[in-house]
Amino acid sequence: MARFSGSIDVVAWRGMVYTIFILHFVFVCQLLLLQPLLLSAQGNKFVDTAEVLERVSQSIKVKRYSEAINDLNAAIEADPSLSEAYWHRASVLRQICRYEESESDYNKYLELKPGNSAVEKELSQLHQAKSALETASSLLDSGEFKKALEYVDKVVLVFSPACPKAKLLRVKLLLGTKDYSSVISETGYILKEDENNLEALLLRGRAYYYLADHDVAQRHYQKGLRLDPEHSALKKAYFALKTLLKKTKSAEDNFSKGKLRVAAEDYKAALALDPDHVAHNVHLHLGLCKVSVKLGRGKEALDSCTEVLKIDPELAEALHQRGEAKLLTEDWDGAIEDIKAALQKSPQDMNLREALMRAEKALKMSKRKDWYKILGVSKTASMAEIKRAYKKLALKWHPDKNTENREEAENKFREIAAAYEVLGDDDKRARYDRGEDEEMGMGMGGGGGGGFGFGGFDPFGGGFGSGGHQQYTFHFEGGFPGGGFGGFGM
């Protein structure tokens with residue numbers, strides 16, 4: 001019995017040994033057949049290296065760089081000697097311009113597998129991209145926008161195509177070159193990937209602002225401020241826009257109410273807020289020009305309308321208003337030229353037709369004698385002022401008092417007498433002011449005795465020129481102050 005029992009123990013022992021052997025054999029086979037599988041402490045799951053790398057590749061294709069990095073981090077944590085994972089992670093980090101981390105992974109790979117030319121080439125590209133990004137940033141600060149764009153487009157975004165910092169830098173440079181449409185387009189792509197990107201919201205808002213699309217600009221600023229109410233740049237842009245709109249509305253309201261001087265000051269204040277806001281300032285300059293014309297400030301109106309036409313040479317209203325300004329500054333030919341140019345753009349505008357008639361009439365009138373200038377009085381002078389001026393000049397230029405320059409005195413005296421003949425008569429003066437005198441033969445230039453419209457009046461009668469001294473008597477209502485002289489009688 002004992003012998004039988006001993007036999008069973010031997011068989012059992014052999015069976016157990018055989019079973020252990022089989023289990024070990026199976027385990028070794030698993031290790032051999034499933035070598036790519038790495039045990040991971042994360043969730044007690046296996047990590048398939050090939051599967052991880054494939055998943056990383058897919059994540060990069062759809063620009064899910066964070067997911068790709070997380071997968072590579074897991075692979076490296078499971079096997080710190082997995083060189084391929086370091087290479088892939090270095091490449092992803094380079095694309096999103098996390099250059100220090102990327103360089104560390106490239107160097108780690110080269111420690112594990114020295115002399116890999118492809119990795120060394122990518123490391124060199126990293127250094128080029130990093131240097132170009134730093135250079136472009138410096139050029140932005142110095143205002144060399146186009147040169148900086150070359151570094152970004154030809155180097156940085158070639159080797160780091162997903163670099164968010166480079167993309168935003170590119171947008172800032174486009175804003176600097178005033179390519180506002182491209183800024184809107186580029187920030188659209190950025191916001192599609194991250195709708196809460198504050199920097200992109202700010203830059204996109206500024207592009208709309210400089211296109212004078214203020215409502216859309218304001219919405220971008222407001223969205224950014226809802227995400228971060230203390231964002232200093234967004235706050236500054238938002239409140240600057242509010243101030244500009246408020247000051248502009250004040251100028252327009254005062255203009256419509258006839259408060260012209262206040263409106264002029266408001267327009268000037270609005271223009272001072274942002275001299276670079278060309279799309280909006282064109283309207284402010286035009287408003288200031290119109291106000292200045294109404295105030296009779298010809299030079300100021302001319303300057304403002306010229307600024308408008310620098311921005312938009314085809315703006316008919318600016319040409320019209322500059323023509324009005326030139327009338328104020330007595331540039332008759334220039335006024336006609338501007339108003340005709342405006343009429344070519346708006347041939348049915350009756351206001352322009354009326355303005356052209358006024359300008360042409362002003363040019364015609366400018367070619368006649370200026371009686372006001374001859375008497376040295378303003379066009380608004382009273383009759384008493386005209387009489388005083390006439391008496392003073394008649395005494396000064398009377399030929400009997402200017403024997404040494406008798407011929408010049410005669411010519412001056414004729415002009416003075418002719419000027420008084422027109423301006424000293426209310427009806428003739430009114431016709432002269434309306435420009436009707438030319439059609440009636442009044443006052444057209446010339447220095448002879450005729451043609452002054454005096455009905456045969458000649459202050460010298462038979463004249464001085466060739467003969468001896470002759471006295472003439474002129475009668476002035478009220479007489480000369482201080483009594484007469486020579487041949488004058490009062």
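Predicted model: local features only at pLDDT ≥ 70, side-chain atom pairs only at ≥ 80, totals over all residues.
1. Overall confidence. The protein chain has a mean pLDDT of 84, with 79% of its residues at 70 or more. Helix α10 (residues 198–210) has the highest confidence, at 98, whereas strand β1 (residues 37–39) has the lowest, at a mean of 42.

2. Geometry of the α17/α18 pair. Helix α17 spans residues 332–345 and helix α18 spans residues 350–366; their axes come within 9 Å and cross at roughly 160°. Because angles over 145 degrees count as roughly antiparallel, α17 is classed as roughly antiparallel to α18. The crossing of the two helices is left-handed.

3. Composition of the contact. On the α17 side, the contributing residues include Trp-332, Ile-336, Ile-339 and Leu-343. Helix α18 contributes, among others, Leu-352, Leu-356, Ala-359, Leu-363 and Ser-366. By class, the contact of α17 with α18 comprises 12 nonpolar, one polar and four charged residues.

4. Asp-338. This residue lies in helix α17. Asp-338 counts as buried because its relative accessibility is 4%, the cut-off being under 20%. Leaving aside residues up to four places away in sequence, Asp-338 touches Leu-319, Arg-322, Gly-323 and Lys-326.

Methods
Residues numbered from 1 in each chain as written. Heavy atoms only, no water. Axes fitted to C-alpha atoms, helices over the stretch in contact; angles between N-to-C directions. Helix = DSSP H or I, 4+ residues; strand = E, 2+ residues; numbered from the N terminus. Parallel < 35°, antiparallel > 145°, perpendicular 65-115°, else oblique. Left-handed = near helix turned anticlockwise from the far one by under 90°. Contact = heavy atoms within 4.5 Å. Nonpolar A, V, L, I, M, F, W, Y, C, P; charged D, E, K, R; others polar. pLDDT = per-residue confidence, 0-100. Buried < 20%, exposed > 50% of the residue type's maximum accessible area, 1.4 Å probe, protein only.
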